[in-house]
Amino acid sequence: MHPAAVNVNHRAPTIGRAVTGALPGAALLGAALVALAACGSSAPRHGVALEPPEAAPALALPVATAAGPAGAFDLQRATRDSARAALVFFGYTHCPDVCPTTLADWKQVRATLGADAARVRFVFVTVDPERDSAAVVRRYVAQFDSTFIGLAGPRAQVDRVQAAWGVGSYREGEGAAGGYTVAHPARFFAVDAAGRLRASYALATPAADVADDLRRLLRARAAEGGA
Amino acid sequence: MTARTSDGPNGLDRPNGTRTRTWRAARAGALAAGAAVRLALLAGCGERAAGTVTVRDAWARPAAAGATGAVYLTLVNGTARPVAVVGAASRAARAAELHESMERGSGAAAMVHMHAVPRVEVAAGDSLVLRPGGRHLMLVGLAQPLVPGARVPVALVTAAGDSIRVEAVVRGF
């Protein structure tokens, strides 16, 4: 599903459909069962959940390490194929306020997750590839946490990723002493360990809430018997 | 614009229907708490700093040399007159500007923007709070990396031509 087409009120209709058609006497029991199922379900509770879960849009970009270019990052390989969930955020390194604050929050998410953190990828994608090379982005995210993944690439490639995810960006304030700034999406995304896009979050969502949803996604994967 | 708006109008509706708010306004903490802090600060100024403009709690996040950084602080106007902040300066960077992060739009299409704030008026007895997700002092082209524990000299320039100097401490993330 295209993130731009997210229906915020998806849950009510889902439950409504489950109850519709049940015998009147069983309706209450049915609703209760649905409610119970929802309690134990993997549906994210804190962000805007995307239903039904579908494969996350394509995200394949060059990745750099301290040793230099290190091939390509592919989101499905990093999640579905390795049983890990992921958070994905589109920003830029010359962003002094919101982006560092979000990555600092992610560091807290990681700390809150404890041992589960090893099963979550934290992915920062630049929307300013003219200034952000793969090496610049790598160094930028490494300031926060050495496990964070920073991605950049040629403009055309970044454009394709943004189009697939339905996220925009544009330059503002060009010519100012401080150089231009870039308007970027105000939400980040959660992908489950089956490579499905599951939720989006306001950038200022408390770390504990994000961590709670990630645990839910990871538990669901374990319950499904996924490796 | 007065300093009271520095707490950020949450969910301000614009005539064209787009939603604009200081990013993180929702999380920024209760206004009441902010007011209490302000009162405490004013009380704390007491006789020593009565009638002056003081800056408290100046801090910055780590950033690489050449990169863009942000400084956060609280400016307390202990004078009986409004103080207008019209600029910033720092010898730690190529340029220093007062900026504000704003969120526009809603839902999946919401975007975060930054814009320069050319002038902020702080009423007598009021304070201007720069904090993550709202107003901040942007340092462009850092001469040195900002590493935790380092001190960054910055100054706020007033319309009266005064320079309010302070050293921001670089915190860890």
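**One residue and one interface**

V157(B) makes contact with A84(B), V85(B), V86(B), G87(B), A88(B), D162(B) and S163(B), leaving aside residues up to four places away in sequence. Please keep in mind that this is a predicted model. V157(B) belongs to strand β11 of chain B, which covers residues 151-158. Is V157(B) buried, exposed or partly exposed? V157(B) is partly exposed, because its relative accessible area is 26%, and the buried class requires a value under 20%. Between V157(B) and P145(B) there are 24 Å in space, C-alpha to C-alpha, for a separation of twelve residues in sequence.

I turn now to the two chains together. In the contact between them, 31 residues of chain A meet 33 residues of chain B. About 2,500 Å² is buried between chain A and chain B, with 60% of it on carbon and sulfur atoms. Of the area that chain A buries against chain B, 22% comes from P96(A), D97(A) and Q143(A), more than from any other three residues.

How many salt bridges does the rule find across the interface of chain A and chain B? The number is zero. Polar contacts, by comparison, link ten residue pairs between chain A and chain B, both residues at pLDDT 80 or more. On the side of chain A that touches chain B, α4 (98-113), β7 (170-172) and β8 (181-185) each provide at least two residues. The most comes from α4(A), with seven residues. By type, this side of chain A comprises 16 nonpolar, ten polar and five charged residues.

Within β7(B), M111(B) is the bridge partner of P185(A).

Methods
Residues are numbered from 1 along each chain as its sequence is written. Chains are lettered from A and ligands numbered from 1 in the order in which they are written. This is a predicted model: local features need pLDDT of at least 70, side-chain atom pairs count only at pLDDT 80 or more; totals for chains, interfaces and linings use all residues. Side-chain values use heavy atoms; hydrogens and water are left out. Helices (H or I, at least four residues) and strands (E, at least two) are DSSP runs, numbered from the N terminus. Buried means under 20% relative accessible area, exposed over 50%, partly exposed in between (1.4 Å probe, protein chains only). Contact means heavy atoms within 4.5 Å. Buried area is the accessible area (1.4 Å probe) that two parts lose on being put together, summed over both. A salt bridge is a side-chain nitrogen of Lys or Arg within 4 Å of a carboxyl oxygen of Asp or Glu. A polar contact is a pair of N or O atoms within 3.5 Å; within protein, one must be able to donate a hydrogen and the other to accept it, and residues adjacent in sequence count only if both atoms are side-chain atoms. Ala, Val, Leu, Ile, Met, Phe, Trp, Tyr, Cys and Pro count as nonpolar, Asp, Glu, Lys and Arg as charged, and the others, Gly among them, as polar. Two strands pair if DSSP finds at least two bridges between them.
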